[in-house]
Amino acid sequence: KRLKYRNHNTAYYKWIQKQVSCCYSILDVICGDGSLAFYIGDGTKQIVGIDIDENCIIRASTKGMRKS
């Protein structure tokens, strides 16, 4: 039986958003599926997510992140 994917970091999103609210640009290292980038991305000019796992990058790009 396959377990459903769950991002356990979502509990910290509001706190992180508050910490970076004054930032012009953000680098999300080990971005995973891009959920954090999308959550905090509204308040910043630029956010870049990187990950070593190609499947994570593919998952993030299906959410609308641009691959560059």
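Some ground rules. The model is predicted, so local features need pLDDT of at least 70 and side-chain atom pairs count only at pLDDT 80 or more, while totals for chains, interfaces and linings use all residues. Residues are numbered from 1 along each chain as its sequence is written, and side-chain values use heavy atoms, with hydrogens and water left out.

Let me start with the layout. The chain has three helices and two strands, and from the N terminus the order is α-β-α-β-α. Helices (H or I, at least four residues) and strands (E, at least two) are DSSP runs, numbered from the N terminus. Of the 68 residues in the chain, 26% are buried. Buried means under 20% relative accessible area, exposed means over 50%, and partly exposed is in between, with a 1.4 Å probe and protein chains only. The chain exposes about 5,700 Å², and 55% of that comes from carbon and sulfur atoms. These areas come from the Shrake-Rupley method with a 1.4 Å probe; for residues, only the protein chains shown count as cover. A contact means heavy atoms within 4.5 Å. Among contacts with a separation of 6 or more, 35% are between residues 24 or more positions apart.

Next, the patch. Which residues make the nonpolar surface patch? They are Leu27, Val29, Ile30, Val48 and Ile50, and the patch covers about 460 Å². Strand S1 (25–29) and strand S2 (46–50) are the elements that give two or more residues to it. Patch residues have over 30% relative accessible area and no salt bridge; like charges are joined within 9 Å, and nonpolar side chains (Val, Leu, Ile, Met, Phe, Trp, Tyr) within 5 Å.

Valine 29 is in strand S1 and counts as partly exposed because its relative accessibility is 48%. Isoleucine 30 sits in the loop between S1 and H2, and it counts as exposed because its relative accessibility is 68%. Its phi is near 60°, a positive value in a residue other than glycine. Most residues other than glycine have a negative phi.

In that loop between S1 and H2 we also find aspartate 33. Is aspartate 33 buried or exposed? It is buried, because its relative accessibility is 5%. Its side chain makes a polar contact of 2.8 Å with the side chain of serine 35. A polar contact is a pair of N or O atoms within 3.5 Å; within protein, one must be able to donate a hydrogen and the other to accept it, and residues adjacent in sequence count only if both atoms are side-chain atoms. Serine 35 lies in helix H2 (residues 35–40) and is buried, at 16%.

Last, aspartate 51, in the loop between S2 and helix H3 (54–62). Aspartate 51 is buried yet has no salt bridge, meaning a side-chain nitrogen of Lys or Arg within 4 Å of a carboxyl oxygen of Asp or Glu. The nearest side chain of opposite charge is arginine 59, 8.3 Å away; Lys and Arg count as positive, Asp and Glu as negative, and His and the chain ends are not counted. A polar atom of the aspartate 51 side chain lies 2.8 Å from the backbone nitrogen of glycine 32, and one lies 3.4 Å from the backbone nitrogen of cysteine 31.
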